[in-house]
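Colleague: I'd like to learn how to read a fold like this one. Could you walk me through it, feature by feature?

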Amino acid sequence: MVNLTPTELERYSRQMMLPNFGELAQKRLKSATVLVTGVGGLGGTAALYLAVAGVGRLILVRGGDLRLDDMNRQILMTHDWVGQPRVFKAKETLEGINPDVQIEAIHDYITPENVDELVQSADMALDCAHNFTERNLLNAACVRWRKPMVEAAMDGMEAYLTTIIPGVTPCLSCLFPEKPDWDRRGFSVLGAVSGTLACLTALEAVKLITGFSQPLLSQLLTIDLNRMEFAKRRSQRDRACPVCGNSAPWRYAQSGSMEPTSNFTK
């Protein structure tokens with residue numbers, strides 16, 4: 001396992017004081033590679049908290065350029081960057097905050113052509129994309145390659161969050177067999193709402209990587225920030241799910257048991 005430098009020991013000393021955390025959990029964070037899709041108000045803010053927590057490597061994936069109406073929530077951005085690829089500004093900002101974290105910025109969306117390589121290169125994924133097309137692709141690839149995924153989404157003042165471990169918990173297709181028809185640019189959003197969900201998303205990832213506390217496994221956290229209501233709902237795997245069920249096509253293409261393959265879920 002990796003060692004921590006004197007600078008890292010000082011930087012992360014306050015979180016290493018947490019019960020069941022300590023230096024071992026910090027080393028696990030440093031050893032981890034996390035794929036973050038979306039890198040906007042949700043994904044970018046989650047990436048920020050993973051970077052300051054000491055995750056060793058972040059792979060940021062987001063196509064498109066920064067728009068002025070992104071600026072109410074995308075805290076890694078600056079006004080002078082409007083019109084330019086936001087993912088490169090995210091990388092620059094995160095490296096300025098924590099130079100010990102390796103950041104790879106990919107100016108692209110999740111596609112059928114790139115999703116398998118991206119998922120295979122990481123230990124886990126954060127699903128923060130702004131449409132279900134990318135979410136479905138990422139979910140299927142994480143199931144295919146048996147990589148954990150933190151699933152987080154919001155619309156208006158409402159949000160949901162869960163952690164998916166293939167073969168253990170329901171996948172996204174189990175939870176939402178019929179996908180909402182979201183307008184990828186027209187949804188309402190308040191920055192504090194996406195930021196609230198982003199912090200919880202990063203916390204789920206840290207819990208899963210380190211094992212210091214229990215993540216949301218087979219539980220869907222629903223959030224109504226109009227009323228400040230948080231509820232946890234039990235969820236079940238669908239054995240007939242076309243993505244992760246017993247007859248899913250990918251099962252015939254590879255051998256081996258249905259066990260997670262990331263470093264921290266074995």
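Colleague: Let's start with a pair of helices. Is the crossing of H3 and H8 left-handed or right-handed?

Modeller: Keep in mind that this is a predicted model. The crossing of H3 and H8 is right-handed.

Colleague: And how do the axes of H3 and H8 cross?

Modeller: Helix H3, residues 43–53, and helix H8, residues 191–210, have axes that come within 8 Å and cross at roughly 45 degrees. H3 is therefore oblique to H8.

Colleague: Which residues of H3 and H8 meet?

Modeller: On the H3 side you'll find Thr45, Ala46, Tyr49, Leu50 and Ala53. They meet Gly195, Ala198, Cys199, Thr201, Ala202, Ala205 and Val206 in H8. Sort the residues of that contact by type and you get nine nonpolar, three polar and no charged.

Colleague: On to the sheet. What is the order of its strands?

Modeller: Read across the open sheet of eight strands and you get S3-S2-S1-S4-S5-S6-S7-S8, with mixed pairing. The edge strands are S3 (102–106) and S8 (229–234), each pairing on one side only. From one strand to the next, the twist averages 15 degrees.

Colleague: How many bridges join S2 to S3?

Modeller: Five bridges, and S2 (residues 57–61) runs parallel to S3. To find your place there, look for valine 61, which stands opposite isoleucine 106 in S3.

Colleague: Which helices pack on the sheet?

Modeller: Helix H4 (residues 86–97) is one of them: H4 touches S2 and S3, and its direction makes about 170 degrees with that of S3. Helix H6 (residues 132–144) packs on the sheet too, touching S1, S4, S5 and S6 (158–164). The direction of H6 makes about 165 degrees with that of S5.

Colleague: Now S4. Which strands does S4 pair with?

Modeller: S1 (residues 33–37) pairs with S4 in the parallel sense over four bridges, and valine 36 has leucine 126 as its bridge partner in S4. Three bridges join S4 (residues 124–127) to S5, also running parallel. There, aspartate 127 has glutamate 151 in S5 as its bridge partner.

Colleague: Which way do the S4 side chains point?

Modeller: Here's the general idea: side chains in a regular strand alternate between the two faces of the sheet. In S4, Met124 and Leu126 point one way, Ala125 and Asp127 the other way.

Colleague: Are those S4 residues buried or exposed?

Modeller: All of them are buried. As for S5 (residues 149–155), that strand is mostly covered, with six of its seven residues buried.

Methods:
Residues are numbered from 1 along each chain as its sequence is written. This is a predicted model: local features need pLDDT of at least 70, side-chain atom pairs count only at pLDDT 80 or more; totals for chains, interfaces and linings use all residues. Side-chain values use heavy atoms; hydrogens and water are left out. Axes are lines fitted to C-alpha atoms, for helices over the stretch in contact, and angles run from 0 to 180 degrees between N-to-C directions. Helices (H or I, at least four residues) and strands (E, at least two) are DSSP runs, numbered from the N terminus. Angles under 35 degrees count as roughly parallel, over 145 as roughly antiparallel, 65 to 115 as roughly perpendicular and the rest as oblique. A crossing is left-handed if the near helix is turned anticlockwise from the far one by less than a right angle, and right-handed if clockwise. Contact means heavy atoms within 4.5 Å. Ala, Val, Leu, Ile, Met, Phe, Trp, Tyr, Cys and Pro count as nonpolar, Asp, Glu, Lys and Arg as charged, and the others, Gly among them, as polar. Buried means under 20% relative accessible area, exposed over 50%, partly exposed in between (1.4 Å probe, protein chains only). Two strands pair if DSSP finds at least two bridges between them.
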